[in-house]
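Please look over the sequence and the model first.

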Amino acid sequence: MNETFLPAATLQRMRMVFMGALLVCLCSCMQEQHADQGSTFHKGLQRDAWRTLSSYDEAVLKHRETFRREIPPTYWDLGIQRLHPVKVYTHRGNLVVVQSVTDGVEHGKYIDLPVARFHPVSAWFSNKHVVNGFVFRPARGTAVFNFTRTAVREYSRK
């Protein structure tokens with residue numbers, strides 16, 4: 001008898017053990033995944049911005065609000081309220097928290113969300129990266145920028 005040959009019953013048992021282990025592994029992977037407690041999105045202004053947008057979007061979807069770019073104070077998360085905003089609005093999927101307006105120039109926090117189609121670039125020494133009147137500077141916190149925004153000139157056709 002060949003010593004490398006295993007009887008059919010042993011192969012069947014090994015196959016069942018392997019399938020059981022695979023099933024346990026797949027079931028554990030499919031359980032509800034919680035946010036990584038160490039991730040930057042789990043805490044801070046990025047989370048607060050997401051909650052603000054989510055609550056406002058939910059109100060719009062349930063027809064309690066009509067869609068507009070500026071988000072009413074009712075939907076501001078506590079972290080956003082702590083910034084004492086003058087107004088809050090969206091820009092390309094991100095949240096803009098205007099903290100002051102001086103001579104038509106807005107100042108405040110621009111919170112970059114990972115799902116947005118636009119991600120700002122900060123420019124310390126020049127206005128090289130001006131986007132729609134925004135100039136970004138790094139701020140404290142991940143994905144949070146200080147910004148200034150001059151009024152974007154509307155061009156009319158003549």
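The sections below cover the model, the overall layout and the nonpolar cores.

## Basis of the model

This is a predicted model, in which local features need pLDDT of at least 70 and side-chain atom pairs count only at pLDDT 80 or more, while totals for chains, interfaces and linings use all residues. Residues are numbered from 1 along each chain as its sequence is written, and side-chain values use heavy atoms, with hydrogens and water left out.

## Layout and surface

Three helices and five strands make up the elements of the chain (DSSP runs, numbered from the N terminus: helices are H or I of at least four residues, strands E of at least two). Their order from the N terminus is α-α-α-β-β-β-β-β.

The accessible surface of the chain is about 11,500 Å², and carbon and sulfur atoms hold 58% of that surface (Shrake-Rupley method, 1.4 Å probe). Of the 158 residues, 31% are buried, meaning under 20% relative accessible area with a 1.4 Å probe, protein chains only.

Among contacts (heavy atoms within 4.5 Å) with a separation of 6 or more, 37% join residues 24 or more positions apart.

## Nonpolar cores

A nonpolar core is a set of buried Ala, Val, Leu, Ile, Met, Phe, Trp, Tyr and Cys residues joined through side-chain atoms within 4.5 Å. The largest has 18 residues, and those touching the most other members are Leu45, Ile71, Ile80, Val88, Leu95, Val97 and Ile111. Helix 2 (45-61) and strand 2 (94-102) each supply at least two residues of this core; helix 2 gives the most, six.

Beyond its neighbours within four places in sequence, Val88 is in contact with residues including Ile71, Trp76, Ile80 and Leu95. Another core, of 10 residues, lies apart from the largest one and includes Tyr89, Val96, Phe136 and Phe147.

How values were computed
Buried means under 20% relative accessible area, exposed over 50%, partly exposed in between (1.4 Å probe, protein chains only).
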